[in-house]
Amino acid sequence: MVKKIKNLKEFSLSNDRFEGANLMCPGCSHNIIVREVLNATDDPVIVATATGCLEVCTAVYPKTSWDVSWIHIGFENAAVAAATVSAAYEVMKKKGKLPPATQKMVDEGKEPKIVAFAGDGGTYDIGFQSLSGAFERGHNFMYVCLDNEVYANTGGQRSSSTPIGASTTTSPAGSVSYGEKMMKKSMVEIMADHGAPYVAQVSPSKWKDLVKKVQKGFEVYGPVYINAQSACTTEWKHAPEDTIEVSDLGVDSCVWPLYEIINERDEHGIIYSTKLNITYRPKKKIPVEEYLAAQPRFRHLFKPENRHIIDLWQKAVDARWEYLQRREEAGV
Amino acid sequence: MAKDLKEIKDINEIKDLGWDELIPGAALFSFTEPVEDVVEVPMDERPYAATNSHEWQVGDWRVEKPVYNRDLCIDCQFCWVFCPDMSILSRDKKMIGVIYEHCKGCGICVEVCPTNPKSLLMFPEHTDNNEALAMWPKKEEKK
């Protein structure tokens, strides 16, 4: 059943199924994303969480912050855990062996939704093989990547999602280096090329766009990938109260474009058509410099000897925005 | 003697115990009794178990606390949707107040508040809420 959410007031009637007094940092985006995803539906949700900030902070023995069924699994296999739950559910449903309480909900039209949460480390790097496998087999679940562009839980090491110029503990900026050398992977396109029926990029600051995309993802049958921007106060080093502002700057400067890719794919994995939609166009595209200036992890780029990296950033972002617009126009 | 979580009814019994004083690997339950559909039950009516983090508190992390001014609020719910800690209490489309046990004092609610002057402001933790309301700033003129 699709929950009707017309405006924020209506959305605020949702009863949270994620509890407070967890140990996430003050001002963490992860919590905002998890809340928005869980509140996007009134159906029962089964969550699998890979190791990462979200897992270690919401399940500190002997406490739990989850009011939904929750599985903690290793760093590398959140996607497989979710896929397995999905496969088991389908078999039990087919054989009529669902527990009575679940069966009752299904009869009322409340199909359980299966969601995997993982950070960018558990998605871009460590969890990639199991994620790729689950998407290739076409299980019915949603995978949400909480992308804070660093291994924040273990002390801020670079991941393959860390963008160029960021100072992390394994790519520190100093007199000989300007920080991370590589631009981040374009994970959304990689997942879309698996033939997933729905793939989208979201930001928690644009809550309506996020909720709409999550609802669309719940409606389609098959693996769904959602890449969520998650500003990290600890590793991006901005003040906790600026989380939403930094997210907005990312969206408005097109560093974090909001778009979706819809694939028409059959059960053999053959893709018949692909369509990319840009769901949010900034009224005024702001320079990338403003986004970088808001985060002290890029502070060193404003030194005269590193200014060329800012120009490189702008070039990369412009090229990507141009590419997305061209794809949208061509309908591919 | 390690304690079994199933026997614990009161949160104070486990609050000060170390990890080695609890039976490892015990299943943690969110509620004391089965809840048919959690989404239908508002937060303040749920039968929380002592092992649900809702029963614990992180309020002592704060240096500054948000104070809420009902007279200025327009119930836009921006603070509700962007609060990372489920600490903004909202019922029937109306903002009621802040859950101080869960608020970590990040200040996002104050940043996103659109009214002029703001209906949520940060005050030092020791300030009395009524005193804070008495020294609320006046409307800022647009330049």
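**Close-up views of a predicted model**

**A:Thr243 is buried, with a relative accessible area of 1%.** Buried means under 20% relative accessible area, exposed means over 50%, and partly exposed lies in between (1.4 Å probe, protein chains only). A:Thr243 sits in helix 10 of chain A. Helices (H or I, at least four residues) and strands (E, at least two) are DSSP runs, numbered from the N terminus. Touching, or contact, means heavy atoms within 4.5 Å.

The model is predicted: local features need pLDDT of at least 70, side-chain atom pairs count only at pLDDT 80 or more, and totals for chains, interfaces and linings use all residues. Residues are numbered from 1 along each chain as its sequence is written, chains are lettered from A and ligands numbered from 1 in the order in which they are written, and side-chain values use heavy atoms, with hydrogens and water left out.

**A:Glu235 is in the loop between strand 6 (224–229) and helix 10 (243–252) of chain A.** A relative accessibility of 13% is why A:Glu235 counts as buried. Beyond residues up to four places away in sequence, A:Glu235 touches A:Val150, A:Ala152, A:Gly155, A:Gly156 and A:Arg297. A:Pro296 is 61 residues from A:Glu235 in sequence. Their C-alpha atoms are 9.1 Å apart in space.

**A:Glu149 has a positive phi of about 60° and is not a glycine.** Most residues other than glycine have a negative phi. The loop between strand 4 (142–147) and helix 8 (187–192) of chain A holds A:Glu149. With 3% relative accessibility, A:Glu149 counts as buried.

**B:Asp92, not a glycine, has a positive phi of about 50°.** B:Asp92 is found in the loop between strand 2 (88–91) and strand 3 (94–98) of chain B. Buried or exposed: which is B:Asp92? At 65% relative accessibility, B:Asp92 counts as exposed.

**A cis peptide bond joins B:Asn116 and B:Pro117.** Omega is about -10°. Most peptide bonds are trans. B:Pro117 is part of the loop between helix 3 (108–112) and strand 4 (120–124) of chain B.

**A:Tyr198 belongs to strand 5 (residues 198–202) of chain A.** A:Tyr198 is buried, at a relative accessible area of 2%. Neighbours within four places in sequence are left aside here. The contacts of A:Tyr198 then include A:Lys213, A:Lys216, A:Gly217, A:Val220 and A:Pro223. Also among them are A:Val224, A:Tyr225, A:Ile226, A:Glu260, A:Ile261 and A:Ile262. A:Gly119 is 79 residues from A:Tyr198 along the chain, and their C-alpha atoms are separated by 19 Å.

**At the interface, 47 residues of chain A are in contact with 51 residues of chain B.** The chains bury about 4000 Å² between them. Carbon and sulfur atoms carry 60% of that area. B:Val39, B:Trp80 and B:Met86 supply 17% of the area that chain B buries against chain A, more than any other three residues. Buried area is the accessible area (1.4 Å probe) that two parts lose on being put together, summed over both.

**Chain A has twelve helices and eight strands.** Its C-alpha trace spans about 70 × 50 × 40 Å along the principal axes of chain A. A compact globule of 332 residues would have a radius of gyration near 20 Å, and chain A agrees, with 20 Å. That radius is taken over C-alpha atoms, and the globule rule is 2.2 Å times the number of residues to the power 0.38. Buried residues make up 58% of chain A. Of the contacts in chain A with a separation of 6 or more, 69% come from residues 24 or more positions apart. Chain A exposes about 13100 Å², with 57% supplied by carbon and sulfur atoms. Accessible areas come from the Shrake-Rupley method with a 1.4 Å probe; for residues, only the protein chains shown count as cover. The 39 positive and 41 negative charges of chain A have mean positions 2 Å apart. Lys and Arg count as positive, Asp and Glu as negative; His and the chain ends are not counted. Each charge is placed at NZ of Lys, CZ of Arg, CG of Asp or CD of Glu.

**Chain B has four helices and four strands.** Along the sequence, the pattern of chain B is α-β-α-β-β-α-β-α. Buried residues are 47% of its 143 residues. Among chain B contacts between residues at least 6 apart in sequence, 50% join residues at least 24 apart. Chain B exposes about 8300 Å², and carbon and sulfur atoms supply 53% of it.
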